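Subject: Structure for your files

Hello,

Here is the structure I said I would hand over. My notes on it follow below.

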Amino acid sequence: MASVSTQWAADAAPAEPNMMAAATAVTTNERVPTFSNYGLCVYVMFLCHLDAQKYRADIDRFRDMLLGLQKGTGPWAYSQYVAGDTSQTQYAILALWELHHAGIETPDSAWINAANWYLRTQDP
């Protein structure tokens with residue numbers, strides 16, 4: 001992810017009109033994709049990378065939504081399922097990683113519970 005972020009930073013300055021338009025669309029969208037961990041995680045990663053301080057209130061709101069979607073056993077998944085989903089959890093971990101690198105707190109329990117879930121459910 002670091003190389004992708006580095007390339008993104010080199011290719012598109014945050015003040016670029018398309019980036020600013022995308023940020024406006026994300027932060028003013030009343031229909032935040034709570035039905036989709038993927039969309040919510042992409043929102044978090046995008047805003048953290050674009051300007052974590054400027055978009056801090058939105059990032060905090062999305063972070064709290066994301067943490068609220070974590071299943072009790074540690075993973076993230078489609079809302080209609082009890083069992084975890086590896087891909088959904090991967091996106092959530094990437095969003096947590098971006099939050100961490102932006103200096104935004106995330107609870108240790110989110111990381112620990114997800115890691116433990118991965119360890120419990122991997123093939124032997």
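A residue is called buried under 20% relative accessible area, exposed over 50%, and partly exposed in between. The model is predicted.

By that scale Tyr78 is partly exposed, because its relative accessible area is 35%. Tyr81, at 48%, is also partly exposed. The search of the whole structure returned 5 aromatic pairs. In the pair of Tyr78 and Tyr81, the ring centres are 6.3 Å apart and the planes stand at 80°, so this pair is edge-to-face, given that planes over 60 degrees apart count as such. Ring pairs also join Tyr38, Tyr78, Tyr81 and Tyr91 into a cluster.

Next, helix α6, which covers residues 108-121. With 14 residues at 1.5 Å a residue, α6 should span 20 Å, and the distance between its end C-alpha atoms, 20 Å, agrees with this.

Last, the loop between α4 and α5, where Trp76 is found. Trp76 has 0% relative accessibility and therefore counts as buried. Its side chain reaches the backbone oxygen of Leu66 at 2.8 Å. Trp76 is 38 residues from Ala114 in sequence, while their C-alpha atoms are 8.2 Å apart in space.

Regards

How values were computed
Residues numbered from 1 in each chain as written. Predicted model: local features only at pLDDT ≥ 70, side-chain atom pairs only at ≥ 80, totals over all residues. Heavy atoms only, no water. Helix = DSSP H or I, 4+ residues; strand = E, 2+ residues; numbered from the N terminus. Expected span 1.5 Å × (residues − 1). Buried < 20%, exposed > 50% of the residue type's maximum accessible area, 1.4 Å probe, protein only. Polar contact = N/O pair within 3.5 Å; in protein donor to acceptor, adjacent residues only side chain to side chain. Phe/Tyr/Trp six-rings, centres within 6.5 Å; stacked < 30°, edge-to-face > 60°.
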